[in-house]
Structures are given as structure tokens and as C-alpha cells.
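Please work through the following exercises with the sequence and the model side by side, trying each task before reading its solution.

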Amino acid sequence: MPELPEVETLCRQLRRKISGGKILDSKIYDQKLTGIKNLKGCVVSAVERRGKTITIFLAEGPCALIHLRMTGRFFWQKDSSRPKHSRWKMTFKDGHVFLVDPRRFATINVQKATPEKIQNDLITDFDEKTFFEKHAGRRVNIKNLLMDPRAIAGIGNIYVCEILHRAGISPLKSALDLSGEEWKKIFTNARRILKKAIEKRGTSISDWRDLYGRKGENQHELKAYGRDGKRCLVCGGSIRRIKQGGRSTFYCPDCQT
Ligand SMILES: [Zn+2]
């Protein structure tokens, strides 16, 4: 499932490719996508990301809010031949953008109102005061708290494992027991890791590909995720895999305390 860096990668590439462009044709292949109104003739004025939602702003007023969910991807193609599992196509002067989505969970909604700011996106807009008031004191382990989209938008299993490893904090620790210094380490490392992953165009462990069908390169930067049994690159201990909230957690019991 794409997380914040993957969605940001797509968003940046889309912005460069279609911003200012006119949608010459908009074709819906999947009738499950009932939220798309006819966008033919509209001009894209901006493409922005909030959490894991991509918003395509149109000069005519409305905007399209897209959530990729599990397997949704955008691909740019020069030719108009329809890729397998494509659900939607937008045609521009020099090529086509296809929404390809084998599991068909991605959603698109066209609305008039500008979407509200979300204030829990670590890269674009984060209200620390609200986070500490509402979430920091919860009696839940820090791994599951960071995975909760109500607390922090857009980060999932891979990046949370990496953030806690780099911060040297045990995923089993209760959020309630974290000191101010530890929270600072979490936020500093979270931003550092997410920015690096955006630079590397996301993590391609399974099926993630960018707008041009290329793999990201952040999988080579991972120091905890998927490395169970291997040597910890911080302390020389051994990375362990456990289950938390039904998901695998990778961490080093020696340097994450
Ligand atoms: Zn270690």
C-alpha cells in the first residue's frame, strides 16, 4: 500500500506533467468510479497532497480528490493503449494518465469546495499542540499510535518501523511513557526518513512503481523493515520480528529501549 512518500512522489510527478494542461478527454472504464464528473475540457491548475489524498485542482472551480488505497497507481503513457486493470484515463496534449488499480479500492471524488487542511501531515502541515493534547497521552504502544491515521497521516508499517529504529525507541513502549526528548527524536527522525524516501521516489518492496513505471529506490535505505535475523546497523545486535496489531514489527531489542 502506498504511504506518504509514494503518494508524494506521484503527486510531484503529476504536477510536473499535467499542471497547466487541458484534459482533452476523460474516460471512465469502471462504473464503480461514480464520483468522477465529466472533466473533459477542464484545465489542471494545481496538484497537491494532503496525507494520502491527491487533489487535482481545476481552473474551472471543482477539484478531484483521489485516494489510491491498496493498489491504485497513476501511469503516464504516450500512447493511448489501455493498460490492464485501468479504471480511468485522462488525455492531455502529449499523452495519457491512467489510473491502474487491480483491486479497485481507489476512490475519486469531484467536489466544488476546496478540501480542508488536515494538520497532521508531518511534511506539509503538522499541529504539534493538537497531537500532544489528543494523542500523546493515549495508553497504546507507540508503534500502533504512529500507525493511526487520526494521529499522523500517511505513515504505515514500513516507515514506522524505520522511524522507531532510527529514534532508538522500542515499538512496545507505551506512548504515555515517552519523555519530551523521545518525542523530539521521533519527529526529527520521522521527517528525515520521509524526506529521504521522497527523494528516492518511494519504497518498492512489492508492487510500488512511480508515474513512469519505475521502481523507487528507498528499499535500499531500510535499516529495520524486512531485516529480521540480520545484524543491526546501529549496535551490531540482531533485528527481531514480532506481531503488533496484526502487523509485523521489525526492531532491535538491544538499541531500541
Ligand atoms: Zn541495534
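The model is a predicted one, in which local features need pLDDT of at least 70 and side-chain atom pairs count only at pLDDT 80 or more, while totals for chains, interfaces and linings use all residues. Residues are numbered from 1 along each chain as its sequence is written.

**Exercise 1. Find where confidence is lowest and where it is highest in the protein chain.**

Begin with the chain as a whole: its mean pLDDT (the predictor's confidence in each residue, from 0 to 100) is 95, and 100% of its residues reach 70 or more. Then turn to the secondary structure elements, where helices (H or I, at least four residues) and strands (E, at least two) are DSSP runs numbered from the N terminus. Confidence is lowest in strand E10 (residues 125-126), with a mean of 93, and highest in strand E7 (residues 95-100), with 98.

**Exercise 2. Describe how the domains of the protein chain are assigned and which elements of domain 1 touch domain 2.**

The assignment, whose bounds come from an automatic or database source, gives domain 1 (4-111) and domain 2 (120-251). Their centres, taken over C-alpha atoms, are separated by 28 Å. The contact (C-beta atoms, placed from the backbone, within 7 Å) takes 17 residues from domain 1 and 19 residues from domain 2. On the side of domain 1 that touches domain 2, helix H1 (4-18) and E5 each supply at least two residues, and the largest share, 10 residues, comes from H1.

**Exercise 3. Work out the strand order of the open sheet of 4 strands and name its edges.**

The order is E1-E6-E7-E5, with antiparallel pairing, where two strands pair if DSSP finds at least two bridges between them. Strand E1 (25-28) and E5 are the edge strands, since each pairs on one side only. Within this sheet, E5 and E7 pair in the antiparallel sense over 5 bridges, and Phe74 stands opposite Leu99 in E7.

**Exercise 4. Decide whether Leu68, Arg69 and Gln119 are buried or partly exposed.**

A residue is buried if 20 or more other C-beta atoms, placed from the backbone, lie within 10 Å of its own, exposed if 12 or fewer, and partly exposed in between. Leu68, found in the loop between E4 and E5, has 22 C-beta neighbours inside 10 Å and therefore counts as buried. Leaving aside neighbours within four places in sequence, Leu68 is in contact with Pro2, Val7, Arg73 and Ala106.

Arg69 lies in the loop between strand E4 (63-67) and strand E5 (73-77), and its 15 C-beta neighbours inside 10 Å make it partly exposed. Gln119, in the loop between strand E8 (107-111) and strand E9 (120-121), also counts as partly exposed, with 15 C-beta neighbours inside 10 Å.

As a last step, consider the backbone: most residues other than glycine have a negative phi. Arg69, although not a glycine, has a positive phi of about 50 degrees, and phi of Gln119 is positive as well, near 65 degrees.

Conventions: Two residues are in contact if their C-beta atoms, placed from the backbone, lie within 7 Å.
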